[in-house]
Amino acid sequence: MKLLKRIPLWAWPIIALALLVGLFLLPGGNKATFDVSGEFLLHPLIRLPKIGPVDLSITKPVVYLWITVLVVCLFAAFVNRGLKTKPGRLQVAMEGLYELARDGIAGAVMKAGADTWFPYIGGAFFFILVCNLVGLIPLPFGVGHQLAFYAATGNINVTITLAVCTFVFTHYAGVRAKGPFGYIRSWVIPAPPVLKQFIFVSDVISELFRLVSLSVRLFANMIAGHFILAVFFAMVLVFQSYLIGVVLQVGSVAVFLFEIFVAAIQAFIFAILSAVYIGTALEEEH
Amino acid sequence: MDVSAATIAAAATTETGLRLLGAGLAAGLGVIGPGVGMGVLFGSSIESIARQPELRGEIRLNMFIGIGIIEALALYALVVALILLFVVK
């Protein structure tokens with residue numbers, strides 16, 4: 001550090017230029033082919049028998065879901081054990097997240113059923129948040145036990161399951177609050193005759209499309225993020241120069257930080273849209 | 001699918017070319033609309049924060065909801081492109 005302070009200001013651009021030229025002139029490594037689709041193939045890790053059409057063998061997403069459940073449960077137990085009235089930083093952070101889920105998501109959007117449905121919405125928020133973040137930690141589940149990134153929510157089956165949970169809870173909440181015929185009648189909007197049927201059909205289709213949109217939003221965000229990460233990491237191999245490697249390294253760090261941001265946003269979006277759907281199913285007449 | 005140059009040269013039929021072209025157009029043109037939408041969203045949210053700075057937190061919350069929904073539309077286009085690249089034979 002003392003040596004760095006003794007270098008005068010005018011010498012820094014020369015040193016930087018020398019480093020850049022040197023990195024540019026160094027002979028690079030081997031060019032490698034780049035195959036992205038290897039991340040999406042799911043080989044079973046432990047083969048279990050098939051029951052009917054359902055294959056029960058344990059694949060990568062299953063293990064990642066178990067890891068998520070373990071992380072959530074153990075972390076919650078750990079934070080709960082050390083609760084104090086004068087909280088430390090970890091407790092303040094967790095209380096902030098809890099208040100965000102309870103007041104910002106369930107309380108702000110659902111007027112009627114915020115207390116009843118907060119367990120599901122808070123649970124979905126934390127589960128998807130941890131699922132997305134675990135997907136950014138390299139774990140040795142790659143081909144041949146290499147370290148690899150993989151998000152459980154990067155599998156369309158997982159996100160469809162979560163969207164189906166929201167869908168089932170929406171209609172269950174509506175039917176429980178208003179009765180089956182009252183619930184369907186609440187979708188009919190007073191309007192002139194032909195327009196009324198058309199609006200009803202269009203509302204039904206948009207309800208069904210919510211399944212698609214919830215699942216594909218989460219899935220595509222995770223997949224696109226991992227794609228971009230894989231491209232950035234592998235471009236270092238494709239270009240034959242160390243200079244571009246250094247620049248790409250900085251770019252990879254930036255993309256990685258953006259991926260963490262996207263992970264949190266997508267969990268928040270899923271939770272708040274689920275709250276909106278359940279809230280509109282519960283609310284009174286238009 | 002191996003997208004290195006060798007395998008693309010080996011499978012260079014019209015159908016493969018059109019498939020890749022479709023994927024490129026889907027991913028490219030499909031992001032124009034959500035891009036404009038994002039611009040409008042951020043512009044109006046910054047303007048409303050400037051008008052009433054005490055509502056900063058609430059506006060930021062609604063802005064994030066808007067970001068999530070609009071980004072989903074852009075990613076539908078990307079999913080179509082991925083289907084064309086990896087699923088259609």
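The structure is a predicted model, in which local features need pLDDT of at least 70 and side-chain atom pairs count only at pLDDT 80 or more, while totals for chains, interfaces and linings use all residues. Residues are numbered from 1 along each chain as its sequence is written, and chains are lettered from A and ligands numbered from 1 in the order in which they are written.

Chain B contains 4 helices and 0 strands (DSSP runs of H or I with at least four residues, and of E with at least two, numbered from the N terminus). Of its 89 residues, 10% are buried (20 or more other C-beta atoms, placed from the backbone, within 10 Å of the residue's own; exposed means 12 or fewer, partly exposed in between). Among contacts in chain B (C-beta atoms, placed from the backbone, within 7 Å) with a separation of 6 or more, 82% join residues 24 or more positions apart.

In helix α3(A), the buried residues are Lys60(A), Tyr64(A) and Thr68(A). They lie on the same side of α3(A) because their arc, taken from the directions from the helix axis to the C-beta atoms, covers only 80 degrees. These buried residues pack against α5 of chain A, whereas exposed residues on the other side include Trp66(A) and Leu70(A).

Note on methods
Contact = placed C-beta atoms within 7 Å.
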